[in-house]
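Good morning, colleagues. I shall speak briefly about two places in one protein chain, and I ask you to keep the structure in view as I proceed.

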Amino acid sequence: MKNQSLRGLCMLMALAVIPGIAAADQITLTSPDNTVRLTGNFIGFEQDSYVIDLKGHEVRVPIVTMNCEGADCLGFSPLPVAVQVGG
């Protein structure tokens, strides 16, 4: 019984020290013209896309098409403003 109590205490201490494992960070993806804004839990990167959880749905958004705000962004934001040549 003493070993089970010690094991349980060690598990609680480990969870207290590393709380980031249990929770995903949120990111916000915004289109350059601000018409689309997606906020969800960051899951990862896959084939040049952000993978986020939006209310239980896994969504993939190409990295180069959106500005990203949050700790897990890759630093590509803000996207450059489109430049029109000629006219």
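Let me begin with a question: which residues form one aromatic cluster? They are Phe 42, Phe 45 and Tyr 50. Please bear in mind throughout that this is a predicted model.

How many aromatic pairs does the count come to? The count is two. One of them joins Phe 45 and Tyr 50, whose ring centres are 5.4 Å apart. The planes of these two rings stand at 50 degrees; planes under 30 degrees apart would count as stacked and those over 60 as edge-to-face, so this pair is tilted.

Are the members of this pair buried or exposed? Tyr 50 has a relative accessible area of 1%, and because buried means under 20%, Tyr 50 is buried. Phe 45, with a relative accessible area of 40%, is partly exposed.

With which side chains does the side chain of Asp 33 make polar contacts? Ser 31 is one partner, at 2.8 Å, and Thr 35 is another, also at 2.8 Å.

Finally, consider Asp 33 together with Met 66. In sequence they are 33 residues apart; in space, their C-alpha atoms are separated by 9.6 Å. Thank you for your attention.

Technical notes:
Residues are numbered from 1 along each chain as its sequence is written. This is a predicted model: local features need pLDDT of at least 70, side-chain atom pairs count only at pLDDT 80 or more; totals for chains, interfaces and linings use all residues. Side-chain values use heavy atoms; hydrogens and water are left out. A polar contact is a pair of N or O atoms within 3.5 Å; within protein, one must be able to donate a hydrogen and the other to accept it, and residues adjacent in sequence count only if both atoms are side-chain atoms. Rings of Phe, Tyr and Trp (its six-membered ring) pair if their centres lie within 6.5 Å; planes under 30 degrees apart count as stacked, over 60 as edge-to-face and the rest as tilted. Buried means under 20% relative accessible area, exposed over 50%, partly exposed in between (1.4 Å probe, protein chains only).
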